[in-house]
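User: I am new to this structure and would like to learn how to read it. Could you guide me through its features in turn?

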Amino acid sequence: MTYFIITFGCQMNTADSERLAAYYEARGFKRAKNEKEADVVIINTCMVRQMAEDRVYGLVNNLSKLKLRPKIIVTGCLVGTANREPSGRVMKYLKTRLPKVDEFLPMEEIGFEYAPKRTDKKIALLPISNGCNNMCAYCVVPFSRGREVSRPFAEIIKEAEDLADAGYEEVVLLGQNVNSYGSDLVKKSLFRNPIPPAGGIGFRDKKFKPVMVKSMGQNRIPTLFPYLLEEVAKIGIDVSLGFKTQANIKPFKKINFISSNPWDFSDELIEVIAKYKNINREIHLPAQSGDDEILKKMNRWYTREEYLNLIKKIKDKIPDASFTTDIIVGFPGETEEQFQNTVDLCQQVNFNIAYIAMYSLRPGTTAEKIADDVPREEKKRRFHALDKMINRKKTQYNANASN
Ligand code: SF4
């Protein structure tokens, strides 16, 4: 039996597809060259924009017309959302909309039991958490992936060490909000033992004092991300020898982390990036908008000024830092003046790349209740204006960038 996986969406979905491949191969399946030659085709779906969702409907239709029709399995965000909706209404809709699908497979059934089948031999995607506890007004991720769940600290470090040992030069730590990593682990640990032991909470063979992230002057969540990033950066490096490599394992040349939320970017995280040269200096920091009113409507927990202050704080500590971002244009009610505030913020930061999206209504989100009143032509104009200003010809528009 052979399988073929078609992946839509972000790097998180690509990482999920690597686990899906491992799952099928553990059951004796072999990877087919293409969907026409496969016995089973698995479609890993994305819902971040309507366009990505529509492509799935078209694809299922085309696959069902193939001469040797494969078994069609749908997984990913569409199934996650339908599965989590308690009334069953969304699953019913999905089944009516996709009658040719043989199975709807929730990603939760796959787990982390098998080593992912990675096709890239240099850059490894390494998921550290899944889901999101933030409720940005436009975003479907909290519905499609559920609440944030962090993978165990030791499990991630072990996988990172294995990757370095296998010769991977680059690793990308993945999560919907990487810098809130470990918040759930800390809370669980404190639930078991409400008085934290002196020296911090034990993870792996070390003790860490969780970093309390602050937003708008208030304590928000405890996180372990600065420690996790440091442990990954240190792999193969003997710090006491002044960053010389150990004999049998090479450090990563580059470590990336995607995506960060500005409101959880702690001072401790900045210190770790500054300390380790193998952590990428091009930091992805989604702004989404440069206007305070729109940010508030989006339920983003920072102001324009706080975002710009964070950029300055990072630049002060890491002079060679540069930034990429995500921007949504045409959010409901966005006026020309508010759009110009975004243009101004982008000019001030001088982003290397911006993944720009035209707002598209997603069912179930709080923004669904606000009239989508910016005409499509106007959204396009704003999109092209920013794209020309920031990206010029450096990159192609990524329709599925999120966060
Ligand atoms: S945009 Fe990012 S932080 Fe906001 S809800 Fe979606 S995944 Fe979470």
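This is a predicted model: local features need pLDDT of at least 70, side-chain atom pairs count only at pLDDT 80 or more; totals for chains, interfaces and linings use all residues.

User: Into which domains is the protein divided?

Analyst: There are three parts to locate: domain 1 covers 2-109, domain 2 covers 120-280 and domain 3 covers 291-403.

User: How should I read a helix as buried or exposed?

Analyst: One asks of each residue whether 20 or more other C-beta atoms lie within 10 Å of its own, in which case the residue is buried. In helix H8 (residues 225-234), eight of the 10 residues are buried, so H8 is largely enclosed by the rest of the structure. The buried residues are Phe225, Pro226, Tyr227, Leu228, Leu229, Glu231, Val232 and Ala233. After H8 comes glycine 236, with a positive phi near 80°.

User: Which residues touch the most other members of the largest nonpolar core?

Analyst: That core has 99 residues, and those with the most contacts to other members are Leu126, Val171, Leu224, Leu228 and Val232. Leu228 and Val232 are also among the buried residues of H8. Leaving aside neighbours within four places in sequence, leucine 228 is in contact with Ile128, Phe153, Ile156, Tyr181 and Gly182.

User: How does one describe the packing of two helices, such as H12 and H13?

Analyst: One considers the approach of the axes and the angle between them. The axes of helix H12 (residues 336-349) and H13 come within 11 Å and cross at roughly 10°. Angles under 35 degrees count as roughly parallel, and H12 is therefore roughly parallel to H13. On H12 the contact is made by Phe339, Val343 and Cys346, and on H13 by Arg382, Leu386, Met389 and Ile390. Six of these residues are nonpolar, none is polar and one is charged.

User: Is arginine 381 buried or partly exposed?

Analyst: Arginine 381 belongs to helix H13 (residues 376-391). This arginine is partly exposed, because 15 other C-beta atoms lie within 10 Å.

User: Where do positive phi values occur in residues other than glycine?

Analyst: Two cases can be set side by side. Glutamine 288 has a phi near 70° and is found in the loop between strand E17 (282-284) and helix H10 (292-297). Asparagine 350 has a phi near 60° and lies in the loop between H12 and strand E19 (353-358). Glutamine 288 is buried, with 25 other C-beta atoms within 10 Å, whereas asparagine 350 counts as exposed, with 10 C-beta neighbours inside 10 Å.

User: Which peptide bond is cis, with omega near -5°?

Analyst: The bond from isoleucine 258 to serine 259 is cis. Serine 259 is in the loop between strand E16 (254-258) and H9.

Definitions and conventions. Residues are numbered from 1 along each chain as its sequence is written. Domain bounds come from an automatic or database domain assignment. A nonpolar core is a set of buried Ala, Val, Leu, Ile, Met, Phe, Trp, Tyr and Cys residues joined through C-beta atoms within 7 Å. A residue is buried if 20 or more other C-beta atoms lie within 10 Å of its own, exposed if 12 or fewer, and partly exposed in between; C-beta atoms are placed from the backbone. Two residues are in contact if their C-beta atoms, placed from the backbone, lie within 7 Å. Helices (H or I, at least four residues) and strands (E, at least two) are DSSP runs, numbered from the N terminus. Axes are lines fitted to C-alpha atoms, for helices over the stretch in contact, and angles run from 0 to 180 degrees between N-to-C directions. Angles under 35 degrees count as roughly parallel, over 145 as roughly antiparallel, 65 to 115 as roughly perpendicular and the rest as oblique. Ala, Val, Leu, Ile, Met, Phe, Trp, Tyr, Cys and Pro count as nonpolar, Asp, Glu, Lys and Arg as charged, and the others, Gly among them, as polar.
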